[in-house]
Amino acid sequence: MLAEILQTLPQVLVDGLALGAIYAVIALGYTMVYGILELINFAHGEIFMTGAFIGVAMLILMTGLGWLAAMPAILALILVLVVTSILTGFMGVGIERMAYRPLRNSPKLITLISAIGVSFLLQDLVRFITEYKRGNYILTGPSMFNEQFAIKFSSISSSFSDAFFKTSTLILIISVVIMMVGLDFFVNKTKWGMAMRAVAQDRETASLMSINVNKVISLTFFIGSALGGATGVLFAVQYGTIDPYIGFILGLKAFTAAVLGGIGNIRGAMAGGIMLGLLEMFAAANLQLLTGGIFGAEYKDVFAFAILIIVLIFKPEGLFGKAVTEKV
Amino acid sequence: MSILQLKDVNTFYGGIHALKGISISVEKGEIVTLIGSNGAGKSTTLKTISGQVMPKTGSVIYEGKDISKQPAHLTAQTGIAHVPEGRRIFPRLTVKENLEMGAFIVKDKRIVKERMEKVFQYFPRLQERLSQKGGTMSGGEQQMLAIGRALMSKPRLLLLDEPSMGLAPVIVEQIFDIISDLNKEGMTILLVEQNAYQALQVAHRGYVIQTGEIVMAGQGQELITNEQVREAYLA
Ligand SMILES: Nc1ncnc2c1ncn2[C@@H]1O[C@H](COP(=O)(O)OP(=O)(O)OP(=O)(O)O)[C@@H](O)[C@H]1O
Ligand SMILES: [Mg+2]
């Protein structure tokens with residue numbers, strides 16, 4: 001049995017890393033907002049989804065205009081990523097302004113309901129527009145970056161099979177690494193990043209330091225939503241087909257990843273996302289084998305979540321928790 | 001002209017009438033103390049000044065301008081630094097970052113550095129702890145950091161909310177010495193304290209607040225010897 005698990009391990013790693021990278025960036029959005037407002041921004045999964053639709057719509061439009069053929073594909077993708085993230089960034093800011101800020105002083109549960117409302121609204125809006133324009137709410141983008149590569153794990157040891165990946169997987173992973181390193185730098189090394197951390201730790205006192213708390217909250221939503229939207233585009237390019245409901249389950253899993261890493265902790269969210277992606281792909285590849293055929297790959301989520309629950313039972317604050325115990 | 005004047009200020013928390021027509025003034029260069037027991041409205045007075053809560057009626061005049069409806073982050077920019085009750089250090093920022101937060105609006109890094117050097121003259125201990133997380137410091141160190149952080153904005157008016165709270169007598173002594181030193185160098189200070197004796201010792205003038213109302217006012221020494229004050233706050 002071990003031999004068979006080892007055989008598929010390289011492919012599990014590649015696929016798990018790709019999926020985990022997506023979870024990780026979305027988890028960042030949840031964790032940043034939670035860190036600052038103690039709010040589970042349920043609509044964040046839908047921002048990711050909207051980003052995917054905006055990206056694919058742009059790519060389809062650009063194909064129609066003949067631009068996609070006229071410029072290097074990577075340049076087109078970068079353009080789409082930038083435009084999409086700016087749009088979803090402002091969308092996040094708008095959602096906070098209209099749906100959350102007026103409820104800032106009401107119980108958290110009320111704001112949560114508002115967030116769920118925004119989720120449904122976005123799902124239906126995207127569905128309506130897509131159906132109206134295309135007659136179908138399932139959308140397939142132009143095929144890009146589909147070249148296959150093999151990493152010759154078999155040449156390292158015959159107990160491994162080769163792992164295959166597409167150019168898009170490489171682009172996905174590189175982009176995610178850039179986003180994560182960029183965000184980490186911003187939050188830990190810049191003045192506005194420091195303001196974000198200060199507001200997350202003590203909003204009232206931050207305002208005594210001349211910090212416009214509302215501005216920092218807007219900035220947080222902008223960054224989280226921009227990254228989420230860009231990830232939507234990368235998701236669409238990687239997996240091809242999207243529908244208005246991809247944000248729900250993916251968002252739920254990314255949120256779980258954020259909890260796993262320690263909600264509010266940015267590096268934790270990154271690690272939690274990658275871990276969840278790897279677990280899920282491992283389960284998909286090996287569950288049948290491990291359970292003697294009782295459970296198939298379709299139970300991968302149960303397996304992944306069972307592991308998460310076990311981790312959280314022993315470490316309820318998440319793997320990375322909060323860095324310091326506080327003296328009051 | 002007073003640097004700060006509160007005129008008939010009424011502040012509410014929902015239905016709770018916390019300040020009932022407070023009028024006080026602080027002259028440039030003074031230490032004024034506001035003493036009173038738990039729940040009297042001391043912190044609320046400072047919060048009303050710094051803009052953390054808005055008064056329902058009445059005015060807060062700072063350097064001739066009514067700031068009663070001004071949000072906290074703007075008031076902080078105009079030279080009022082508020083050291084809140086319980087110090088409120090950012091626990092997961094380092095000491096250095098906490099200090100930098102105090103000078104958030106200062107763009108020039110050199111000026112930030114200069115001010116930090118000045119803070120170290122008052123609190124050499126902070127310099128040794130620059131990379132320590134704020135939340136892991138001792139109570140006394142945190143109070144020093146909170147005052148240091150406020151000084152980083154180079155305020156013209158310093159609001160201190162119970163700086164001696166929960167500290168050992170030796171440290172309390174140090175803190176009051178520094179308050180006194182700061183004042184000698186020209187800082188105007190409004191000091192809220194439950195430690196009435198020491199507060200009245202360093203202050204030029206004092207007010208006594210009781211359930212949201214000013215019930216007495218006078219020179220520091222005058223209040224120390226006052227029978228009622230002695231009974232209620234110095235016993
Ligand atoms: N956020 C709040 N919500 C509701 N009521 C409040 C709030 N903050 C203060 N109060 C009430 O307002 C009154 C004045 O409180 P305040 O904190 O100003 O007292 P204080 O003089 O600073 O007391 P202490 O010495 O205990 O710090 C109290 O009755 C208090 O219960
Ligand atoms: Mg108080």
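Modeller: Helix α1(B) supplies the largest share of the shell around ligand 1, with 3 residues. Helices (H or I, at least four residues) and strands (E, at least two) are DSSP runs, numbered from the N terminus. The model is predicted, so local features need pLDDT of at least 70 and side-chain atom pairs count only at pLDDT 80 or more, while totals for chains, interfaces and linings use all residues. Residues are numbered from 1 along each chain as its sequence is written, chains are lettered from A and ligands numbered from 1 in the order in which they are written, and side-chain values use heavy atoms, with hydrogens and water left out.

The shell around ligand 1 holds 14 residues, and the closest are Asn38(B), Gly39(B), Lys42(B), Ser43(B) and Thr44(B). A residue counts as near a molecule if one of its heavy atoms lies within 4 Å of it. By class, the shell has 4 nonpolar, 7 polar and 3 charged residues. Here Ala, Val, Leu, Ile, Met, Phe, Trp, Tyr, Cys and Pro are nonpolar, Asp, Glu, Lys and Arg are charged, and the others, Gly among them, are polar.

The side chain of Asn38(B) has an N or O atom 2.8 Å from an oxygen atom of ligand 1. For Ala40(B), a backbone N or O atom lies 3.2 Å from an oxygen atom of the ligand. In the side chain of Thr44(B), an N or O atom is 2.5 Å from an oxygen atom of ligand 1. Ligand 1 exposes 630 Å² when taken alone, and the protein buries 64% of that; these accessible areas come from the Shrake-Rupley method with a 1.4 Å probe, and for residues only the protein chains shown count as cover.

Ser43(B) is in helix α1 (residues 42–50) and Glu85(B) in the loop between β6 (80–83) and α3 (95–102) of chain B, 42 residues apart. Ser43(B) counts as buried because its relative accessibility is 17%, whereas Glu85(B), at 33%, counts as partly exposed. Buried means under 20% relative accessible area, exposed over 50%, and partly exposed in between (1.4 Å probe, protein chains only).

Terms used:
Polar contact = N/O pair within 3.5 Å; in protein donor to acceptor, adjacent residues only side chain to side chain.
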